[in-house]
Amino acid sequence: MRDSYVIKHMTDYRLYMSVHNKYSMVVLAQLFRPENMKLIEKSTETVCRQFMANYVDHHLPADGIVNVRHVMQELVMKIMIQCSFPTSFSELNLSIDQFIESAPQIDKNRRLLLTSVLIPRLTEYMIAAYGKVFGKKQQYFIDSITKMVGHRRRQLIDNNGFADKSKDFLQLFLDYRHNKAADKELTDYEIVSLFYVCYLSSYEPMCLMLMMAVYELAMKPLVQSRLYDELIAADMLVTNDDSSILELPFLNAVLMEILRKYPLPLTNRRAKEDVFLPDAGVTVPKGVDVELSFISLYHNSRYFTDPYDFNPDRFMAPAVDNQTQHSFIPFGCGQVVYCVGERFAKVVLKHALAKLIKTFEFKVADSTEIPFIFNRCPDILLPKSLNLGFKLRENIKF
Ligand code: HEM
């Protein structure tokens with residue numbers, strides 16, 4: 001009762017910040033343990049297959065000109081729902097459109113993003129002052145998850161604690177027990193908050209990566225056919241291992257190059273001691289926060305020649321072996337902060353991209369506009385729209 005009251009009156013960013021600590025990282029990391037990854041991969045693969053078949057049969061426009069943003073948002077969200085709470089979502093008749101509309105996204109809070117980049121310390125005050133305004137946009141998302149948690153708990157009681165569900169994320173959260181107190185479960189509020197962090201960290205970046213991937217492949221048809229050939233050749237190899245797609249070198253190189261060209265904005269660290277930076281000739285004093293801009297690292301010709309060119313070959317051997325250490329850290333690095341969703345993101349992005357390329361050939365259309373905010377700087381947020389030509393390939397098997 002108290003939990004649902006808190007959730008109703010909680011603002012999105014306060015909700016986010018309240019669990020944005022090391023403890024929530026530990027719980028989130030449980031979702032992506034190797035033993036769960038097989039299931040996640042299966043779910044992703046199934047959603048991609050069903051999505052493409054349905055899209056081709058019912059939604060592909062006659063002129064083949066597609067707003068890529070809508071396609072990627074729906075595809076990524078369906079994959080995430082399938083991994084998170086597939087049965088509960090359908091049993092409660094929740095609306096996927098409203099869920100997409102209300103999912104936590106930085107895109108919806110540009111003012112906050114800008115402030116957090118320019119004046120990080122002001123962000124907390126902004127959150128306190130404007131939290132309620134921002135929060136309304138995510139209400140459907142928060143209410144839906146609250147309902148699903150309650151629904152699943154009631155099912156568990158009805159079934160004497162037995163969950164007739166595969167281990168979706170919701171069930172993994174419900175089964176989670178704090179290390180130090182074996183019988184202490186996560187509260188409703190904690191579970192909703194964890195889903196909030198999970199969706200905020202993953203939904204928008206994954207949509208952005210897929211959008212920019214098909215855009216770049218449309219711009220470079222030779223790269224596109226090379227990727228297609230690699231995928232078709234892999235299909236011909238008889239293998240029982242679904243994960244073989246994750247090992248394909250060119251698919252991996254394409255994804256890495258997208259992550260390099262369209263990185264997330266920045267990360268930060270606090271100096272634990274005085275640190276001298278020899279190149280800059282300055283000392284960062286102990287206790288000072290340092291913002292690291294991924295774009296200025298990845299778009300620096302010192303580390304990546306011709307950095308604005310989309311060239312996956314820089315991530316193929318032997319070129320990749322000559323990269324400067326830590327010049328490319330798409331999911332962060334270090335022992336304390338890192339991206340807990342790295343494995344999940346790679347599985348989703350590789351499977352989705354592979355299925356897209358095997359189904360369609362992407363072409364630049366007359367209405368395609370370069371989705372950059374400035375001349376060469378990519379928009380770090382989802383482009384509002386991006387039109388591309390989707391030409392159905394022949395002999396597709398879904
Ligand atoms: C394209 C996909 C993604 C990219 C490029 C990405 C990238 C990053 C980066 C660069 C960091 C900062 C790491 C550091 O400072 O060392 C990070 C942190 C994080 N990521 Fe991801 N990530 C992606 C997807 C995901 C997914 C699918 C999840 C799933 C839950 C996730 C959850 C997190 C979390 C919880 C953090 C820690 C946030 C913090 O403490 O500041 N990410 N991610």
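Trainee: How far apart are the closest N and O atoms in the salt bridge of R152 with D168?

Mentor: A salt bridge here is a side-chain nitrogen of Lys or Arg within 4 Å of a carboxyl oxygen of Asp or Glu. R152 and D168 form one, and their closest N and O atoms are separated by 2.7 Å.

Trainee: Before going on, what kind of model is this?

Mentor: Residues are numbered from 1 along each chain as its sequence is written, and side-chain values use heavy atoms, with hydrogens and water left out. Local features need pLDDT of at least 70, side-chain atom pairs count only at pLDDT 80 or more, and totals for chains, interfaces and linings use all residues, since the model is predicted.

Trainee: Which parts does the pair R152 and D168 tie together?

Mentor: Helices (H or I, at least four residues) and strands (E, at least two) are DSSP runs, numbered from the N terminus. R152 belongs to helix α10 (residues 139–158), so its bridge to D168 ties together parts that are 16 residues apart in sequence. The other part, holding D168, is the loop between α10 and α11 (169–175).

Trainee: Are R152 and D168 buried or exposed?

Mentor: Buried means under 20% relative accessible area, exposed over 50%, and partly exposed in between (1.4 Å probe, protein chains only). R152 has 1% relative accessibility and D168 has 3%. Therefore R152 counts as buried, and D168 also counts as buried.

Trainee: How many residues apart are E342 and K346 in helix α16?

Mentor: E342 and K346 form a salt bridge, with 2.8 Å between the closest N and O atoms. E342 is partly exposed at 30%, and K346 is partly exposed at 24%. About one helical turn separates them, because in α16 they are apart by 4 residues.

Trainee: Which residues are linked in a network of salt bridges?

Mentor: The structure holds 17 salt bridges. Some are linked in a network, and its members are R153, R177, E185 and D188.

Trainee: What is the bridge partner of V66 in β7?

Mentor: Strand β1 (residues 65–67) runs antiparallel to β7 (residues 387–392), and 3 bridges join them. Within this pairing, V66 has as its partner L388.

Trainee: What is the angle between the planes of F195 and Y199?

Mentor: Rings of Phe, Tyr and Trp (its six-membered ring) pair if their centres lie within 6.5 Å; planes under 30 degrees apart count as stacked, over 60 as edge-to-face and the rest as tilted. The whole structure has 24 aromatic pairs. F195 and Y199 make an edge-to-face pair, 6.4 Å centre to centre, with a plane angle of 65°.

Trainee: Which residue has its charged end over the ring of Y228?

Mentor: A charge sits over a ring if NZ of Lys or CZ of Arg is within 6 Å of the ring centre and within 35 degrees of the ring normal. At Y228 the charge sits 3.8 Å from the ring centre, and the residue is R393.

Conventions
Pairing = 2+ DSSP bridges.
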